[in-house]
Amino acid sequence: MRPIPFILGFFAASLCLMQAQEEVDEAAVIELRETISKLVDVQTLESKERLEWQARKAELGNLLALHQKELKLLEEELAKAGKTAPAHEEQTDEIQAEIAALKEARQVAAEAVARNQPRLLALSKRLPAPLQLDAGVDLATISAWQPGDEPREALQAMLAFLDKSEQFNRRFTRGVEVRDGSEVEVLYLGLAQAYYLSRKGKAGVGRPGPEGWRWQSKPEVRDALEEAFAIMDQKLPPASVTFPLQLD
């Protein structure tokens, strides 16, 4: 897969592949303003979910840091085992109290993993194929975790999964997949929608659903897709290309 950096104004009600031209007429300026306005509306709708996403990442990151600190202290305590130096004896109670607090934090981390595991695994079904492939190891680690297991690896996998999903959602991603037995080029608009075009000229759209992405034939987007891919491949000069966009 080849990630394409996210460009404001290139995503929302239209897919814009454009470059500043020397002369821009008034109609183009109005169209650009409307496109930006629609993009702002979409981003506003997503803001709540994005804040919850960031909060979940921060919570898991903090729990992982506490767990790693606990392991470090335990290793230091084992290294000092058997020593009778006065300085060590004076610090024993303090160290044991801190270790007890960190063990409690580990329990909290395990509870956080148990609480988030089903939700993340359910969310993974809505991911597009290239992201599922990229996050495959992380998802396997999350799925394999059982109550009573150490939470560290599962926490790391959850954070990695969230990071990869967030990065994918900020970009356009272009790749090759198989649809109905034919090889097609696919262009993903983050996690919101995708378009495909086969070598035989068949075109359509894809949208995420609870059990995976749903793909639907849409011949009317073929010309726009052909033009968009030609512009990306620098076979045509930069221009504005418009696509239908539906957000559920």
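This is a predicted model: local features need pLDDT of at least 70, side-chain atom pairs count only at pLDDT 80 or more; totals for chains, interfaces and linings use all residues.
Colleague: Which elements have the lowest and the highest mean pLDDT?
Modeller: Strand β2, residues 16–17, has the lowest at 40, while α4 has the highest at 95.

Colleague: And where does pLDDT stay under 50?
Modeller: Over residues 1–24. The model does have 64 contacts beyond four places in sequence for that stretch.

Colleague: OK, helices then. At what angle do α4 and α5 pack?
Modeller: About 140 degrees, and their axes are 8 Å apart. Helix α4 covers residues 136–144 and helix α5 covers residues 152–169.

Colleague: What do we call that arrangement?
Modeller: Oblique: angles over 145 would count as roughly antiparallel, so α4 and α5 are oblique to each other. The crossing of α4 past α5 is left-handed.

Colleague: Which residues make the contact?
Modeller: From α4 you've got Asp138, Leu139, Thr141 and Ile142. From α5 there are Glu153, Ala154, Ala157, Met158, Ala160, Phe161 and Lys164.

Colleague: How do those divide into nonpolar, polar and charged?
Modeller: Seven of the residues in the α4 and α5 contact are nonpolar, one is polar and three are charged.

Colleague: Switching to strands: how many bridges join β3 to β4?
Modeller: Eight, and the two strands run antiparallel. β3 is residues 172–179 and β4 is residues 182–189. If you want a spot to look at, Val176 stands opposite Glu185 in β4.

Colleague: What's in the turn of that hairpin?
Modeller: Two residues sit between β3 and β4. One of the turn residues, Asp180, has a positive phi of about 55 degrees.

Colleague: And β6 with β7, do they run parallel or antiparallel?
Modeller: Antiparallel, with six bridges joining β6 (residues 203–209) to β7 (residues 212–217). They form a hairpin too, with two residues between them.

Colleague: Which residue stands opposite Trp215?
Modeller: That's Gly206, facing Trp215 in β7.

Notes:
Residues are numbered from 1 along each chain as its sequence is written. Side-chain values use heavy atoms; hydrogens and water are left out. Axes are lines fitted to C-alpha atoms, for helices over the stretch in contact, and angles run from 0 to 180 degrees between N-to-C directions. Helices (H or I, at least four residues) and strands (E, at least two) are DSSP runs, numbered from the N terminus. Angles under 35 degrees count as roughly parallel, over 145 as roughly antiparallel, 65 to 115 as roughly perpendicular and the rest as oblique. A crossing is left-handed if the near helix is turned anticlockwise from the far one by less than a right angle, and right-handed if clockwise. Contact means heavy atoms within 4.5 Å. Ala, Val, Leu, Ile, Met, Phe, Trp, Tyr, Cys and Pro count as nonpolar, Asp, Glu, Lys and Arg as charged, and the others, Gly among them, as polar. Two strands pair if DSSP finds at least two bridges between them. pLDDT is the predictor's confidence in each residue, from 0 to 100.
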